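Open the model in a viewer and keep the sequence panel in view. The stops below are given in the order in which to select them.

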Amino acid sequence: MRIAMIGSGYVGLVSGACFAQFGHDVACVDKDPAKIAQLNSNTMPIYEPGLDKLVADNVKAGRLSFGTGLTDAVARADAVFIAVGTPTRRGDGHADLTYVYAAAAEIAEALAGYTVVVTKSTVPVGTGREVARIIREARPGAEFDVASNPEFLREGAAIEDFMKPDRVVIGVESDRAREVMSGIYRPLNLIQTPMVFTNIETAEVTKYAGNAFLATKITFINEIADLCEKVGADVHDVARGIGLDGRIGRKFLHPGPGFGGSCFPKDTLALAYTAREANAPQTIVEQVIEVNNSRKKRMARKVIDFCGGSVDGLTVGVLGLTFKPNTDDMRDAPSLDIVPALQKAGARIVAFDPEGMSEARQLLPFVTFTRNAYEAAAGADVLVVITEWHEFRGLDPRRIKEAMRQPRIVDLRNIFNPEEMRGLGFAYEGVGRPGPRS
Ligand SMILES: NC(=O)c1ccc[n+]([C@@H]2O[C@H](COP(=O)([O-])OP(=O)(O)OC[C@H]3O[C@@H](n4cnc5c(N)ncnc54)[C@H](O)[C@@H]3O)[C@@H](O)[C@H]2O)c1
């Protein structure tokens with residue numbers, strides 16, 4: 001199959017490279033010439049484990065190419081995927097569909113022969129129909145169908161998720177489009193991946209419902225963590241105790257500073273907006289948004305309280321800035337709330353993140369960035385863990401203690417063992433865990 005991928009960001013690049021690995025002929029297009037120049041010199045614009053090799057292998061095999069113009073790529077394609085951004089629209093929280101509709105108009109001009117135009121971007125219900133309308137209006141004679149194929153990959157595990165998904169959801173409404181989409185995903189038949197064929201609206205709602213459910217699960221355990229802190233219970237044992245119930249499941253029951261990232265915050269907002277418009281308000285999701293926002297803001301207060309009510313003049317070492325490990329993505333990361341609030345309270349911030357620092361430099365002024373975690377701890381009055389990078393779990397607590405001015409840790413991801421840290425002489429506070437035994 002010949003595929004054009006419009007937008008070569010996180011989703012477009014990973015999907016394009018993985019489709020090429022399936023054996024398809026993929027042309028990835030992006031408006032950003034700097035990104036395309038980087039890709040053409042085999043430099044990845046994002047950090048994602050395994051992506052550089054996957055891209056290099058498929059470029060070498062002649063199945064994957066990059067360019068800034070979509071005309072040829074679309075004209076040759078059996079399917080054109082729209083994978084452009086759908087950020088939050090300023091003011092009202094709805095998804096900004098400017099990029100999707102602009103891409104649709106450009107695609108319309110270039111269509112040649114029967115083509116399936118697929119939205120892979122996360123788009124509110126009704127967008128697929130609007131894409132079809134835009135194309136039909138621009139090119140009344142064009143032979144095409146629209147389809148919706150939302151993407152469920154997770155940053156940091158994106159290739160594995162794409163190559164071995166739990167399921168593939170495809171909204172299509174003609175046999176011809178269904179055949180093309182089945183052909184594209186045929187390699188997944190070998191591993192018996194469930195294919196969920198639906199109408200277009202259903203596929204669009206499914207993506208938002210999935211993300212909203214996961215965001216709710218995180219927010220639920222975060223509130224249970226608050227309760228645990230007040231009553232001397234341990235949220236990890238609670239999570240295990242409930243997660244082993246097959247109806248609940250163990251995943252997404254890790255308490256932390258609140259969800260961030262490129263998807264959950266904007267997708268919950270967009271779902272709430274769409275639902276209000278449709279007169280079917282999602283009150284649970286609205287509450288999740290509010291609880292999560294206030295939680296992110298409250299985390300700085302937690303650090304300040306732990307330091308006896310003030311961080312004025314103190315040095316705060318920060319471990320981890322990205323919204324989760326194994327990515328350099330800083331979009332809506334909790335660190336973007338926590339660090340400025342601590343600075344406002346008078347703290348000096350010294351921070352380390354394995355992959356996120358060049359992005360973080362643009363977003364967090366007046367922070368001193370270090371070369372490793374120990375340097376971030378050096379001279380600190382308190383160390384705050386914001387992102388649970390695997391390498392932080394292996395740090396030597398004794399070395400950290402020696403480096404710090406005062407051995408105090410606020411572990412917002414519970415990566416350390418409280419008893420061990422307290423045994424070594426740290427003042428330690430996690431999330432949802434009992435305090436020191438008296
Ligand atoms: N990042 C994730 O983990 C993830 C997971 C699932 C779904 N999604 C969804 O996928 C979509 C894309 O997200 P992303 O994180 O890849 O965004 P991104 O910002 O990383 O990439 C979008 C890219 O599209 C390009 N672009 C915009 N308009 C274009 C046009 N007309 N022609 C060519 N290129 C154009 C931009 O230059 C940019 O490189 C969003 O709707 C997002 O919600 C993201």
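**Starting point: helix α1**

Select Gly16 first: with a relative accessible area of 0%, Gly16 counts as buried, where buried means under 20% relative accessible area, exposed over 50% and partly exposed in between, with a 1.4 Å probe and protein chains only. Gly16 sits in helix α1; helices (H or I, at least four residues) and strands (E, at least two) are DSSP runs, numbered from the N terminus.

The model is predicted, so local features need pLDDT of at least 70 and side-chain atom pairs count only at pLDDT 80 or more, while totals for chains, interfaces and linings use all residues. Residues are numbered from 1 along each chain as its sequence is written, and side-chain values use heavy atoms, with hydrogens and water left out.

**The strands**

β1, α1 and β2 form a right-handed β-α-β unit; right-handed means that, with the strands pointing away from the viewer, the path from the first strand over the helix to the second runs clockwise. β1 and β2 run parallel and are joined by 5 bridges; two strands pair if DSSP finds at least two bridges between them.

Now colour strand β2 (residues 25–29). Because 4 of its 5 residues are buried, β2 is largely enclosed by the rest of the structure. β2 also pairs with strand β3 (residues 64–67), in the parallel sense and over 4 bridges. Here Cys28 is the residue opposite Phe66 in β3.

Go back to strand β1 (residues 2–6) and look for its pairing with β4: the two run parallel, with 4 bridges between them. Ala4 has Val80 as its bridge partner in β4.

Show the side chains of strand β4 (residues 79–82). Which of them point the same way as Ala79, and which the other way? Phe81 points the same way as Ala79, Val80 and Ile82 point the other way, and all are buried.

From β4, move to strand β5 (residues 115–119), which pairs with β4 in the parallel sense over 4 bridges. Ile82 is opposite Thr119 in β5. Together β4, α5 and β5 make a right-handed β-α-β unit.

**The ligand**

Select the ligand and the 25 residues around it; Val11, Asp30, Lys35, Thr86 and Lys266 come nearest. A residue is near a molecule if one of its heavy atoms lies within 4 Å of it. By class, this shell has 8 nonpolar, 7 polar and 10 charged residues. In that count, Ala, Val, Leu, Ile, Met, Phe, Trp, Tyr, Cys and Pro are nonpolar, Asp, Glu, Lys and Arg are charged, and the others, Gly among them, are polar.

- Val11: a backbone N or O atom is 2.8 Å from an oxygen atom of the ligand.
- Lys31: a polar backbone atom is 3.2 Å from a nitrogen atom of the ligand.
- Ser262: a polar side-chain atom is 3.3 Å from a nitrogen atom of the ligand.

On its own the ligand has 830 Å² of accessible area, and the protein covers 89% of that; accessible areas come from the Shrake-Rupley method with a 1.4 Å probe, and for residues only the protein chains shown count as cover. α1 (10–21) and α5 (98–110) are the elements that give two or more residues to the shell.

**Further stops**

Select Glu106 in helix α5. Glu106 counts as partly exposed because its relative accessibility is 33%.

Next, take Asp267 in helix α11 (residues 264–277). Asp267 is buried, at a relative accessible area of 2%. The Asp267 side chain makes a polar contact with the side chain of Asn211 (2.8 Å); such a contact is a pair of N or O atoms within 3.5 Å, and within protein one must be able to donate a hydrogen and the other to accept it, with residues adjacent in sequence counted only if both atoms are side-chain atoms.

Asp166 is in the loop between α7 (158–163) and β7 (168–171). Is Asp166 buried or exposed? Asp166 counts as exposed, because its relative accessibility is 65%.

End in the loop between β9 (315–319) and α13 (335–344), at Asn326. Asn326 is not a glycine, yet has a positive phi of about 65 degrees. Most residues other than glycine have a negative phi. In the loop between β9 and α13, select Asp332 too; phi of Asp332 is also positive, near 55 degrees.
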